[in-house]
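I open these notes to record what I looked up in this structure. The entries concern side chains and how they meet.

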Amino acid sequence: MTKFELFAMIFYALDAYYEEDVPEEINNFLSDMCPFTFADEGSADPVIYEDYCEFMGNKEIRLENSFSLAKEYVFQIKDLDLKEAFSDLTEEFWIQGCKNFLSTRR
């Protein structure tokens, strides 16, 4: 799993959770985070993807640790409390979603 693939999965998880009745500041963040606005790998607002890549550093990303890395990233985002988006999400559901997403990319 690449950094970008994990970033996209985090976006999908947040976007699915905040599907309805989204607070404006979270809606704005998700719009800026969208990894599919442009053809290259990144986010609609490049600063968000740059910050994510800085946070990830050289961490090894595997399917087995992707859920914990995703939570670490989301939990450290300043100015927004996005933790509840991951509160009901199980690791098994996350892994299955990753497998589905990755199967469309290869």
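Is Y52 buried or exposed? I found Y52 buried, at 0% relative accessibility; buried means under 20% relative accessible area, exposed over 50%, and partly exposed in between, with a 1.4 Å probe and protein chains only.

I note that this is a predicted model, in which local features need pLDDT of at least 70, side-chain atom pairs count only at pLDDT 80 or more, and totals for chains, interfaces and linings use all residues. Residues are numbered from 1 along each chain as its sequence is written, and side-chain values use heavy atoms, without hydrogens and water.

Next I looked up aromatic pairs (rings of Phe, Tyr and Trp, the last by its six-membered ring, with centres within 6.5 Å; planes under 30 degrees apart are stacked, over 60 edge-to-face, the rest tilted). The whole structure holds 15 of these pairs. F7 and Y52 form a tilted pair, because their centres are 4.9 Å apart and their planes at 50 degrees. This pair joins helix α1, with F7, to helix α3, with Y52, across 45 residues; helices are DSSP runs (H or I, at least four residues), numbered from the N terminus. I found F7 buried as well, with a relative accessible area of 0%.

F11 and F36 pair edge-to-face, at 6.4 Å centre to centre and 75 degrees between the planes. F11 is buried at 8% relative accessible area, whereas F36 is partly exposed at 37%.

Finally, I saw that ring pairs link a cluster whose members include F7, F11, F36 and Y52.

Definitions and conventions. Helices (H or I, at least four residues) and strands (E, at least two) are DSSP runs, numbered from the N terminus.
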